[in-house]
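Subject: A structure to look through

Dear colleague,

I am passing on the structure below, and after it I describe what turned up when it was examined. Please keep it open beside you while you read.

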2 protein chains.
Amino acid sequence: MSKLNPLLHQELRLSIVSFLAGVETADFKKLMEVTQATKGNLSVQISKLQKAEYITIAKSFKGSYPHTNCALTPKGEKDFEIYLKELKELLNI
Amino acid sequence: MSKLNPLLHQELRLSIVSFLAGVETADFKKLMEVTQATKGNLSVQISKLQKAEYITIAKSFKGSYPHTNCALTPKGEKDFEIYLKELKELLNI
DNA sequence: GTAAACTAGTTTACATTATAAACCAAATTG
DNA sequence: CAATTTGGTTTATAATGTAAACTAGTTTAC
């Protein structure tokens, strides 16, 4: 019984990481779109992922508006894979 | 983005349901053994699963000691399958 | 040129949830 | 008969999740 990584075993964060694992980079707007989360929730959860060094958050300006770009780090990728492996074991899939 | 069933998307409850899906019946002791959870936590979580009609909890006596037996209901089984399907979609697996 | 509405987020207050410690009742053991 | 064990439940606290409220600036319309 290896405990599932609690940072990843949460729907919104899992959605974010899973999506980033496929595309390697996505902005705030895109993440809102694919996850259907509220701005507040998304903001909080990407911060947690960043604190854990699972993603990088790059802030810049696109025209005059702020723009936030997220990408998975190698650490995030690795721990996501471990999570997947352990989840599959738990669920026998 | 179909939201993952929050009752099932919790490690201990998921472990319980996943295990019961394989065996169809297990007692408290067995569930403690396979999940490695504390008694208190296990007690709380099986109660929640029972309230949701995902499992049945049958109390009896085995010799002189109380004995609690759990089994998945058809509803639990069905929602577990739906959860699995949606989880796989989310994770592309 | 200024009020209203929009973009792009962050902060924070509240509600929900999870968890283990404390508890309980009965049985066993020494 | 006191201490320990079995088989749990209750509950207090901590941790977490979430959306509403807020910030800061931009664009549009009058």
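**The sheet in chain A**

In chain A, Asp27(A) stands opposite Asn69(A), a residue of strand β3(A). Before going further, please note that this is a predicted model, in which local features need pLDDT of at least 70 and side-chain atom pairs count only at pLDDT 80 or more, while totals for chains, interfaces and linings use all residues. Residues are numbered from 1 along each chain as its sequence is written, chains are lettered from A and ligands numbered from 1 in the order in which they are written, and side-chain values use heavy atoms, with hydrogens and water left out.

Strands here are DSSP runs of E with at least two residues, and helices are runs of H or I with at least four residues, both numbered from the N terminus; two strands pair if DSSP finds at least two bridges between them. Strand β1 (residues 26-27) of chain A is joined to β3 (residues 65-72) of chain A by 2 bridges, and these strands run antiparallel. Strand β2 (residues 55-62) of chain A also pairs with β3(A) in the antiparallel sense, over 8 bridges. Within β3(A), Asn69(A) has Ala58(A) opposite it, and Tyr65(A) has Lys62(A) opposite it. Between β2(A) and β3(A), which form a hairpin, there are 2 residues, and Gly63(A) in the turn has a positive phi of about 65 degrees.

**The sheet in chain B**

Chain B has an open sheet of 3 strands in the order β1-β3-β2, with antiparallel pairing. Because β1 (26-27) and β2 (55-62) of chain B stand at the edges with a single partner strand each, one side of each is left without a neighbour in the sheet. Between β1(B) and β3 (residues 65-72) of chain B there are 2 bridges, and Asp27(B) stands opposite Asn69(B) in β3(B). Helix α3 (residues 39-51) of chain B lies across β2 and β3 of chain B and runs at about 125 degrees to β2(B), where axes are lines fitted to C-alpha atoms, for helices over the stretch in contact (heavy atoms within 4.5 Å), and angles run from 0 to 180 degrees between N-to-C directions.

**How the two chains are related**

Chain A is superposed on chain B by a rotation of 180 degrees with 0.0 Å of shift along its axis (RMSD 0.0 Å), using least squares on the C-alpha atoms of residues with pLDDT of at least 70 in both. The two copies are therefore related as by a two-fold rotation axis. The same surface serves both copies, since 100% of the contact residues of chain A recur in chain B.

**Pockets**

A pocket is an open set of points on a 1 Å grid over the protein atoms alone, where a 1.4 Å probe fits, with protein on both sides within 12 Å along at least five of seven lines; lining residues have an atom within 4 Å of a point. Of its 16 lining residues, the closest to the centre are Gln10(A), Glu11(A), Leu12(A), Asn41(A) and Lys3(B). Helix α1 (residues 11-23) of chain A gives the most to this lining, with 3 residues.

With kind regards
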